[in-house]
Amino acid sequence: MDIGILGPIEVSHAGRRIPLARRQQSLIMGFLALEANQLVPREKLLELLWGERPPLKARAVVQTRISEIRTVLRSAAPEDLSTHLQTAGNTGYLLRIPAESVDVQVFRTTTERARKVASDEEASALLRGALDLWRGPALGGCTQEDPFAVVCQGLDAARLTATEDLFDVELRLGNHNQIVDQIAELSALHPTRERLIGQLMVALYRAGRNAESLHSYDRWRRWLADELGVDPGADLQALHLAVLQGNLDGAGILSAHPRDEKGSGPAPSARRHSVSAPDADSMNQFAAKIPRTLPPDIADFSGRTQELESLRTVLIGSEDGIAAASVTGQGGVGKTALSIHLAHQLSGDFPDGQLYINLRGADQSTSVEPFVALGRFLLSLGVDDLPHTLEERQDLYRGLLAKRRVLVVLDNAATEAQVIPLIPSGRNCAVIINGRARLGATFGARPIDVDVLRPSDADQLLCRMAGVQRVQNEAASAQELARLCGFLPLALRIVAAKLVTKPHWNIAKIVRLLEDERSRLNHLRHEHLDVRATISLSFAGLDADGQRLLRRIGDINLPEIGVGLAASLLDVNVSVAEQVLEHLFDNQLVEVAGEDSAGYARYRLHDLVKLFAQEQASVDESPSELEAARSRAFAFYLEVAAVAYRAIFGGDYLTIHGPALRPASQGRHVEELASDPVRWFETERTAIVAVVERAAETGQVDCCWDLMCTVSPLFPMRRYFDEWRSIAERALAAVQEAGNRKGEAAVRYRMGMLCADRREHEKAMEHFEVATRLFHEEGERHGHAITTAHLGMVDRFLGKMDSALENYESAIPGLRAAGDAAGEAFVLRSIGQVHLERGEYSAADINMDKALRLCQSLDGFRMAEAQVTFWQGMLRLKQRRLDEAECNFEQVLALMQVLGDPRGQAQALRGLGMCYHQQGHREKAKGALTEAMELIRQPRPGLMESYIRRALEEVDAAR
């Protein structure tokens with residue numbers, strides 16, 4: 001088996017590629033191949049795949065991916081290739097494979113050999129062979145936000161070093177004309193590589209292009225001054241002088257010289273001068289200067305008691321190595337204020353000073369490079385003659401702090417590469433790293449997440465800035481103001497500053513200004529403070545897919561989103577959507593809100609971020625693009641709802657669907673979500689309500705009424721009657737406005753069910769009658785049969801038994817024609833109930849037996865079978881066959897517990913309570929009925945609650 005990671009990750013055997021379907025599978029194989037024949041700890045894999053915050057089921061995901069890889073390897077060849085992938089208990093994984101079968105291992109050994117051979121010709125051949133192994137970016141490429149970016153960067157750096165080694169060799173061989181253009185191209189791409197600049201100058205000079213050599217140096221020198229604020233190093237300055245004097249070959253500079261006699265590298269005169277770590281004596285000259293570069297403390301700092309205590313514990317309570325904390329959170333949440341406030345509080349614990357720098361990492365155009373940051377720190381420490389290379393500055397900085405107790409605050413950091421050179425090595429120092437990215441895991445920084453303020457802390461901040469009396473006089477308005485600001489400290493500071501500068505304004509006035517969502521962000525800016533600008537910095541750091549997804553999330557306007565919805569909005573698969581969502585998470589634009597029924601994370605936008613996203617959607621997306629994305633999202637919800645319905649009820653029985661389209665590309669994910677339908681509903685309930693509302697708003701009426709009708713039976717199962725009524729009324733208004741008669745009939749059918757459950761029988765009858773008429777006029781025979789059967793149900797509730805039987809029996813042909821077996825079973829069972837109430841036990845038994853056999857003849861009829869079994873139990877009570885009745889009710893209770901249906905459990909317990917009562921077990925009866933009441937009780941009693949209450953009264957009366 002061969003593995004290639006110097007480009008897109010490829011696994012092959014005997015010349016035939018072995019496909020890995022998931023990106024995570026490929027990455028895992030790539031990471032294991034990088035450490036071939038060495039144990040890779042499971043925690044390291046989790047960190048490489050997800051960074052500091054893996055999802056809740058990350059370990060299970062990795063185990064699943066490993067299992068999937070083994071399955072693929074088993075089927076890829078006659079021999080079992082899966083034996084190469086081994087698990088070391090609970091520790092990690094090991095890939096046993098010859099080193100020569102992994103391209104990166106071959107690359108490493110070949111470049112090492114090239115550096116040791118005596119012949120430049122042989123070195124050139126080896127280096128070219130090593131570089132030919134590359135087929136593209138390592139591991140298929142990555143972004144700065146990817147957790148494994150540091151791995152890619154390391155490999156890409158090794159490739160660049162090998163290329164520079166090759167240029168050295170070719171220059172010694174006199175092949176400057178063949179490589180000069182390659183060096184020019186590469187140096188333009190990597191202007192910070194001083195070695196490349198020197199090689200370019202040498203190649204141009206030897207090619208007779210002296211003016212270009214001098215011009216390239218001058219152009220690079222100006223770039224260095226503009227971007228980094230430094231001058232070229234001593235070697236490059238000497239090389240420049242040699243070119244000016246026309247004496248390059250005698251200058252003893254860089255790589256233009258032959259190897260030493262042992263063939264181990266450039267001759268001593270050509271080797272770069274290195275600066276060792278400063279010794280104790282050389283440090284004494286700086287000992288008197290104590291840096292104090294912290295910005296002023298925040299006078300009105302409020303709240304954050306828990307965060308301050310956590311930070312203090314990390315910074316002064318650690319005994320092992322450097323004490324470092326990584327403070328992360330969305331823009332405007334107060335990371336800088338928290339860190340500066342604590343740094344001032346801890347000034348006595350760090351008597352040798354506090355160093356602060358704003359690295360401006362949120363804005364890539366103005367971010368501060370480590371070279372410049374170290375220069376500022378060294379100046380603050382009393383160093384006048386700054387070293388000319390990053391390594392030298394880093395050595396001097398760490399040497400100066402080795403014996404000191406200094407607190408370093410790195411504000412607005414963006415990447416590990418920006419931070420690591422600024423970490424002191426002294427055990428007595430401490431570091432606070434602020435940023436939107438979660439940094440510092442590679443050197444053990446403790447993560448401290450900062451969220452929005454608690455309501456009490458928000459009130460305290462307003463009081464401190466705008467005045468206690470002013471806030472107390474308008475306490476209700478102040479609470480609403482904090483809510484409209486999303487409890488974001490930056491937004492609260494802005495509105496408080498406006499109150500200070502506008503003493504004639506009251507809080508209610510600002511509340512009125514902020515209530516209009518379309519202009520809210522316009523009012524959340526004051527002087528240099530601007531919520532929109534703060535969010536824009538995070539938005540600008542996203543790639544195109546990330547920006548597109550954020551815009552569409554804002555447009556769809558749901559309280560939470562999962563990977564399936566994101567995939568629908570982007571029209572990609574779930575794996576890609578998850579990566580994009582994690583990209584938003586890493587940029588602090590979404591937060592994790594929990595986990596869906598398939599084990600994937602769910603995400604939430606802060607209210608102000610959502611408003612920003614909506615603004616961007618209206619500007620950067622066309623109406624047709626937004627409409628298409630919404631259609632896919634609504635259809636996704638409708639499909640999951642339909643699959644969940646079928647999982648509970650055995651099929652599309654006793655329901656009507658519309659013509660709304662459903663996605664085909666996410667079938668597997670849909671099945672995963674709906675495999676636990678009740679959990680899916682609990683997780684998605686508020687989003688479902690929002691989807692119905694949004695579909696109605698945007699005119700997608702078919703999806704609106706279909707989704708409402710499909711999920712309707714789930715609301716009473718979980719006793720969410722208010723939300724059920726809300727979406728039913730919204731759907732009814734939408735279909736009536738659109739003149740959608742079939743939709744209106746379907747919605748009225750579900751509203752009739754709602755009214756019947758709430759004992760509003762006259763309203764239920766009205767809805768069913770209108771629905772029956774509309775279905776008939778639309779030629780919808782199935783719908784007509786369903787509503788006719790439910791007219792019979794209301795007749796039975798009202799004691800109109802003859803009318804009930806007539807409606808039930810007239811519904812059966814239409815249900816049979818539609819293949820609605822569960823509907824037919826419902827009618828047969830209902831006919832049995834009519835006979836039961838009339839005392840016609842034989843007829844009741846016949847119809848209920850028919851209903852039960854119909855349910856048992858097909859798979860998945862668990863709910864319908866349970867309902868029939870319950871009423872058979874009620875019949876057995878009347879027949880005084882109490883043991884059989886008890887068995888019936890216990891069967892129903894067990895099934896309802898599996899389905900997670902509290903309403904069904906209460907019904908079964910009601911039956912058991914009645915059975916126990918007739919058996920003379922009055923305490924057991926009381927217990928079962930009390931438990932049933934606890935499961936079913938609502939502020940407004942429903943039909944079943946009245947039945948249970950009546951049974952309890954009978955038990956009490958008998959006592």
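Contact here means heavy atoms within 4.5 Å. This is a predicted model, in which local features need pLDDT of at least 70, side-chain atom pairs count only at pLDDT 80 or more, and totals for chains, interfaces and linings use all residues. Residues are numbered from 1 along each chain as its sequence is written, and side-chain values use heavy atoms, with hydrogens and water left out.

**View 1. V531 in the largest nonpolar core.** Leaving aside neighbours within four places in sequence, V531 is in contact with L488, L490, A491, I494, L521, L524 and L608. The largest nonpolar core has 213 residues, and V531, Y637 and W680 touch the most other members. Helix α28 (residues 623–649) gives the most to this core, with 13 residues. A second, separate core of 55 residues includes Y217, V372, L401 and I433. A nonpolar core is a set of buried Ala, Val, Leu, Ile, Met, Phe, Trp, Tyr and Cys residues joined through side-chain atoms within 4.5 Å. Buried means under 20% relative accessible area, exposed over 50%, and partly exposed in between (1.4 Å probe, protein chains only). Helices (H or I, at least four residues) and strands (E, at least two) are DSSP runs, numbered from the N terminus.

**View 2. Strand β7 and its two partners.** Six of the six residues of β7 (residues 323–328) are buried. A323, A325 and V327 point one way from the strand, and A324, S326 and T328 point the other way. Strand β10 (residues 430–435) runs parallel to β7 and is joined to it by six bridges. There, S326 has I433 as its bridge partner. Strand β11 (residues 446–449) also pairs with β7 in the parallel sense, over four bridges. V327 stands opposite I448 in β11. Two strands pair if DSSP finds at least two bridges between them.

**View 3. G233 in a loop.** G233 is found between α9 (210–228) and α10 (234–245). Its relative accessible area is 2%, so G233 is buried. Not counting residues up to four places away in sequence, G233 touches E194 and H388. E194 and G233 are 39 residues apart in sequence, yet 8.3 Å apart in space, C-alpha to C-alpha.

**View 4. Two residues with positive phi.** Most residues other than glycine have a negative phi. L139 has a positive phi of about 60° although it is not a glycine. L139 sits in the loop between α5 (120–131) and α6 (149–172). It counts as buried because its relative accessibility is 0%. R759 has a positive phi of about 65°. Its loop lies between α34 (741–757) and α35 (761–777). R759 counts as partly exposed because its relative accessibility is 40%.

**View 5. The largest cavity.** A cavity is a set of points, on a 1 Å grid over the protein atoms alone, where a 1.4 Å probe fits but cannot get out; lining residues have an atom within 4 Å of a point. The structure holds four cavities of 30 Å³ or more. The largest contains about 50 Å³ of space. Its lining consists of R22, Q24, R65, V574, S575, E578 and Y600. Helix α26 (residues 574–586) supplies the largest share, three residues.

**View 6. The second largest pocket.** A pocket is an open set of grid points with protein on both sides within 12 Å along at least five of seven lines. This one holds about 1,500 Å³ of space. Of its 50 lining residues, R829, Q833, W871, Q907 and M944 lie nearest its centre. Helix α40 (residues 862–878) gives the most to the lining, with ten residues. Grid points are joined across faces, edges and corners, and a volume is the space filled by probe spheres set on the points.
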